[in-house]
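Have a go at each task before you read its solution.

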Amino acid sequence: MELDEFRTSLDAWLDEQEGALAPDHDGLGTLDEQMAQLTKVKRLTFDAGWMRWGWPVRVGGLGGTTLPRAYLGEALTSRDLVEPGIYSMAEVLAPTMIDFAAPELAATMVPRLLRGDETWCQGFSEPGTGSNLASLSCRAVRSHGGWRVTGQKVWTSLAQYSERCVLLTRTGSVESAHRGITALFVDMDSPGITVRPIESMHGVEEFCEVFFDDVAVPFDRTLGEEGQGWSVAMDLLPYERSTSLWHRAAYLHRRLQQLLDAAPPDTLDAAEVGQTTQLLYAFRARSRSTQHRLARGEDLGPETSIDKVLLATIEQAVFDLVGDGLASDLAIGDGTTSERWRTEFLYSRAATIYGGSAEIQRNIIARRLLDLGSDR
Amino acid sequence: MIDAAARELFERGIGHAFDQPTSEAVDAALGELGWHDALAADQRAAVSALFRRQGEVSATSSALDWLLASSLGADGAVVLPALGRWDPPGEVYGPRLRVNGLSRQSIGDRVVVVASARDKDIAFDVPAADLLLRPVHGVDPQLELLEITGETVDVDGQPLIGWEAALALGQLAVGHELVGASRAMLELARAHALERVQFGRPIATFQAIRHRLADSLVAIEAAEAVLDAAWLDRSPQTAAMAKAMSGRSARIAARHCQQVLAGIGFTTEHALHRYVRRVLVLDLLLGSSKALTRKLGSEVVASRQLPPLLPL
Ligand SMILES: Cc1cc2nc3c(=O)[nH]c(=O)nc-3n(C[C@H](O)[C@H](O)[C@H](O)COP(=O)(O)OP(=O)(O)OC[C@H]3O[C@@H](n4cnc5c(N)ncnc54)[C@H](O)[C@@H]3O)c2cc1C
């Protein structure tokens, strides 16, 4: 389906289904409520076909370019029907499954994620491994009939809700660095997995510690080949910095507009509002061209680090303005509206941390886009 | 739309034109190349290619005057707004026309001054000799600017529409020039960082250097993205945003690149200073990043309305 046609018919459908799609909770809702809402919206949009456009037919999609995916997420976030971070997990994890999982596995699993039947998580970070992903140590060893996994992951978003995990493990020696990593697709109900939610600064148990104690994972759950885990991660990261960011821009636009509606007179500095408006526009323009490149079938790579730096900058700029315009709601307000602004303000502080920190993005830009060579 | 082959030929011609030693020779070469025809055939391709290149090599030409004249349908050099401003350079007081603007030193005997009067704009054809002309040396003498001020009486004016569109086009042109200059500065600093050795290693290995250059690239790409968007939506508001973003990113790039080039970049032996000078003036031309940004912010705060979103 062409984008214009998709847009018009989706908008009409969203208007028509407003009642059925609306959240049952007020304001931001708890994470449980957000997850329930996400499941509902995914199921309705999948069953009506919208969620299937832009995904390959072999994983239950209806084919076509990826633009409808970008527009669907934009439409759902700008109507406040889903929280963009949890909604976009599918955009981060499904494309890599399609690229690296055995075809039958992808065909079985991806539709479940898209339809909201399942939640998946991304097990990359460990207590000793954040930015330096190549140093990870969660071990997988070959044994009879499969891998045995032992180790720990941390800050794994939504692990407590997840049926599956895209897990990076060490299968080579510690010195093998990025060459000795293997990606696995793990069932979270496997014996030996313990999930412990962690309360984050914004008052939500969004992420978890995940412990693996001799967990059995069949060989056919290997993504790519043994030792190819680094390529899997490098394939995934540009997805994390593309369509999901387009959705986030729609969300930031909505919040900035809501701030303008709510801020008392004389609390916003004109120059800062002007600059934030321009930056948001610039980010959307940049992200738009990334979406069109993706839709043309181009491979995304290190240039998506520019998108990520811009997004993190603009997200914090928008919420810095919230900090000016709604200062007292943020600091001492207790109603659901204040609660929501506060939670989102605090969450915006993480924009320069997750998905590769602001410094790591600049390292990538220097090395890969400016060709400055090694930093040693 | 002109095709890829024609565009390549055109871009090569532009490159050649800007190799000429003087601005008169550049103008002549651009005329021969048929820049006006290219403008009519594909405005975006012609403007972006020409001004980007002009910025990259820090050249001087009359292209901006021609662009405004062609957009306004004027015959002769159109006086630009005074530095830092974007409203028409003329003001009408009864029979008097007061002028405060800029032009290039190569103007002829007559100039076109646009003035805003109540609800409409008027174009006046004025003998240059009636006005005060001050050749500008300033921070960037190579720009060969002319400050035009003064008053004249009893001149004939023609009603005119299209200042807003001409201004938007001019802002995009200067925006591309700023981006070209920024990319050139970044390339100078990048090459230097790879070559210059301190503490036994190239300074390009120092993260402080790498991050300054990365930040310059991010700023440039952001500006370029808004320029692209402005060509798509053709709204004067987006053109103003593009101009503001290009000016700000050029200032960011100038600051970082100057720091990376350090001592050598502070000499006139090195090319950097030409760009630093140029960027200071270009940021002010047709509205500075600061002023345009503040204006946008005031409008957004007063109307409580963001500019419409660029659709996917
Ligand atoms: C809200 C949130 C959700 C998350 N969700 C997930 C998830 O679902 N799955 C998952 O695997 N992880 C997740 N993470 C973890 C995230 O990926 C890491 O926090 C991130 O990669 C940074 O690692 P770190 O926290 O260990 O910081 P460190 O790597 O220890 O970095 C600390 C500081 O040092 C800087 N630094 C590190 N190395 C360099 C360098 N080479 N050059 C310059 N500066 C450097 C960093 O930029 C940072 O400022 C999440 C994090 C947050 C905050």
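**Exercise 1. Work out how α9(A) and α13(A) are oriented to each other, and which residues make the contact.**

Solution. Keep in mind that this is a predicted model.

Step 1: Start with the geometry. The axes of α9(A) and α13(A), the latter covering residues 336-348 of chain A, come within 13 Å and cross at roughly 135°.

Step 2: Now classify the angle. Angles over 145 degrees count as roughly antiparallel, and 65 to 115 as roughly perpendicular, with oblique for what is left after the roughly parallel class too. That makes α9(A) and α13(A) oblique to each other.

Step 3: Look at the handedness. α9(A) and α13(A) cross in a left-handed way.

Step 4: Pick out the residues. On the α9(A) side you'll find R248(A), Y251(A), R255(A), Q258(A) and L259(A), and on the α13(A) side R340(A), W341(A), E344(A) and Y347(A). Sorted by class, this contact has 4 nonpolar, 1 polar and 4 charged residues.

**Exercise 2. Describe the packing of α4(B) against α6(B).**

Solution. Step 1: In chain B, helix α4 (residues 43-56) and helix α6 (residues 163-195) pack at about 40°, and their axes are 7 Å apart.

Step 1: Roughly parallel would need an angle under 35 degrees. So α4(B) is oblique to α6(B).

Step 2: The crossing of α4(B) past α6(B) is right-handed.

Step 3: From α4(B), the residues in the contact include Q43(B), V47(B), F51(B) and R52(B). Their counterparts in α6(B) include L169(B), A173(B), H176(B) and E177(B). The contact of α4(B) with α6(B) splits into 6 nonpolar, 6 polar and 3 charged residues.

**Exercise 3. Find where the two partners of the D80(A)–R255(A) salt bridge lie, and say how accessible each one is.**

Solution. Step 1: Check the pair itself. D80(A) and R255(A) form a salt bridge whose closest N and O atoms are 3.3 Å apart.

Step 1: Locate both ends. D80(A) is in the loop between α4 (67-78) and α5 (84-87) of chain A, while R255(A) sits in helix α9 (residues 243-262) of chain A. They are 175 residues apart, and the pair links distant parts of the chain.

Step 2: Compare each value with the 20% cut-off for buried. D80(A) has 21% relative accessibility, so D80(A) counts as partly exposed. R255(A) has a relative accessible area of 2%, so R255(A) is buried.

**Exercise 4. Which parts of chain A does the pair E118(A) and R164(A) tie together?**

Solution. Step 1: The side chains of E118(A) and R164(A) form a salt bridge, at 2.3 Å from N to O.

Step 1: E118(A) is in the loop between α7 (103-115) and β1 (120-123) of chain A, and R164(A) is in strand β4 (residues 164-170) of chain A, so the pair ties together parts 46 residues apart in sequence.

Step 2: Both E118(A) and R164(A) are buried.

Step 3: For another case, take E298(A) and R296(A), whose side chains meet in a salt bridge at 3.2 Å, N to O. E298(A) is partly exposed, at 34% relative accessibility, and R296(A) is exposed, at 57% relative accessible area. Over all chains, the structure holds 47 salt bridges.

**Exercise 5. Is T169(A) buried or exposed, and what does T169(A) contact?**

Solution. Step 1: T169(A) belongs to strand β4 of chain A.

Step 1: The relative accessible area of T169(A) is 0%, so T169(A) is buried.

Step 2: Skip the neighbours within four places in sequence, and T169(A) still contacts several residues, among them L136(A), C138(A), V149(A) and I181(A).

Notes. Residues numbered from 1 in each chain as written. Chains lettered and ligands numbered in written order. Predicted model: local features only at pLDDT ≥ 70, side-chain atom pairs only at ≥ 80, totals over all residues. Heavy atoms only, no water. Axes fitted to C-alpha atoms, helices over the stretch in contact; angles between N-to-C directions. Helix = DSSP H or I, 4+ residues; strand = E, 2+ residues; numbered from the N terminus. Left-handed = near helix turned anticlockwise from the far one by under 90°. Contact = heavy atoms within 4.5 Å. Nonpolar A, V, L, I, M, F, W, Y, C, P; charged D, E, K, R; others polar. Salt bridge = Lys/Arg side-chain N within 4 Å of Asp/Glu carboxyl O. Buried < 20%, exposed > 50% of the residue type's maximum accessible area, 1.4 Å probe, protein only.
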